[in-house]
Amino acid sequence: MDQIKIGKFIAECRKTANLTQMQLSERLGITDKAVSKWERGMAMPDSSIMLELCDILGISVNELLSGEEISMENNDQKNEQLVLEMAKELEKKNKTIWASMWAIMTVSMIALLAGLLIAAFLIPEGVWQLVAILGICIVFLIPCFYALKLEVSVGAYKCKNCGNEFVPTYMQALNAMHRGTTRYLKCPKCKKRTWCKKILKK
């Protein structure tokens, strides 16, 4: 989706409806700065207010996401195009999140090893060395929890037993045994625990 094009279209429709940015924002219950960001292509309207926005501007959701008026004969074609674009955008975001997760884990592992080496060789043996090692391990766990949250937020896990794809809760993933991104989870379909492999596409 072209945010710049969508932003210009929102501005045009707002002016056609004889509304200022302030008036539109008041009707939507948001700030005029948010409307300004949309119109400059810096952000997209939240899905929770998209229908109300379209109703106020007298356009369809398809037209909003296309950034142009759509005739009836081109509607089906535009629908297909929008679905494909949204799927591509979701896939791109998922890959970015996935890459971020691995970057966090890699940096954390390097920092953990470096911290343990420093604690082992530069801090004299005793209570302070033990405190330093424990502190380093605790600090290491924080990005690990965040990386797991990123892992759960994209794609799904595939049951090895029945092939069902599902998204577990954060706590289910946290409490499950794992080998990398493959986790021992209970499938909601076959109700069996098995090693479920992470897949990016749901």
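This is a predicted model: local features need pLDDT of at least 70, side-chain atom pairs count only at pLDDT 80 or more; totals for chains, interfaces and linings use all residues.
Local features were taken only where pLDDT is at least 70 and side-chain atom pairs only at pLDDT 80 or more, whereas totals for chains, interfaces and linings use all residues. Residues are numbered from 1 along each chain as its sequence is written, and side-chain values use heavy atoms, with hydrogens and water left out.

Helices (H or I, at least four residues) and strands (E, at least two) are DSSP runs numbered from the N terminus. A residue is termed buried under 20% relative accessible area, exposed over 50%, and partly exposed in between, for a 1.4 Å probe and protein chains only. A nonpolar core is a set of buried Ala, Val, Leu, Ile, Met, Phe, Trp, Tyr and Cys residues joined through side-chain atoms within 4.5 Å. In soluble globular proteins, nonpolar side chains tend to be buried together.

The largest nonpolar core holds 19 residues, of which L24, W38, L53, I59 and L64 touch the most other members. At least two residues of this core are supplied by each of α1 (3-16), α2 (21-28), α3 (32-39), α4 (47-57) and α5 (61-66). Helix α4 gives the largest share, 6 residues. Neighbours within four places in sequence aside, I59 is in contact (heavy atoms within 4.5 Å) with F9, C13, C54 and L64. Another core, of 10 residues, lies apart from the largest one and includes L148, Y157, C159 and A176.

Helix α1 has 14 residues, and at 1.5 Å a residue it should span 20 Å, in agreement with the 20 Å between its end C-alpha atoms; the expected span is 1.5 Å times one less than the number of residues. At the start of α1, a side-chain oxygen of D2 comes to within 3.1 Å of the backbone nitrogen of I4. The buried residues of α1 are I6, G7, F9, I10, A11, C13 and R14, and the buried residues of this helix pack against α2, α3, α4 and α5. After α1 comes N18, with a positive phi near 55°.

R14 of helix α1 counts as buried, at 8% relative accessibility. The R14 side chain reaches the backbone oxygen of L19 at 2.8 Å. This is a polar contact, that is, a pair of N or O atoms within 3.5 Å in which, within protein, one must be able to donate a hydrogen and the other to accept it; residues adjacent in sequence count only if both atoms are side-chain atoms. Apart from neighbours within four places in sequence, R14 is in contact with L19, T20, Q21, L24, E39 and L57.

A salt bridge places a side-chain nitrogen of Lys or Arg within 4 Å of a carboxyl oxygen of Asp or Glu, and by this rule there are 3 salt bridges. One of them joins E39 and R14, at 2.5 Å from N to O. E39 lies in helix α3 and R14 in helix α1, so the pair links distant parts of the chain, 25 residues apart. E39 is buried, at 13% relative accessibility.

K5 forms a salt bridge with E68, with 3.3 Å between the closest N and O atoms. K5 lies in helix α1 and E68 in the loop between α5 and α6 (75-122), so this pair ties together parts 63 residues apart in sequence. K5 is partly exposed, with a relative accessible area of 34%, and E68 is partly exposed, with 26%.

The side chains of R183 and E151 also meet in a salt bridge, at 3.1 Å from N to O. This pair links strand β4 (residues 182-186), which holds R183, to helix α7 (residues 127-153), which holds E151, across 32 residues. Both R183 and E151 are buried.
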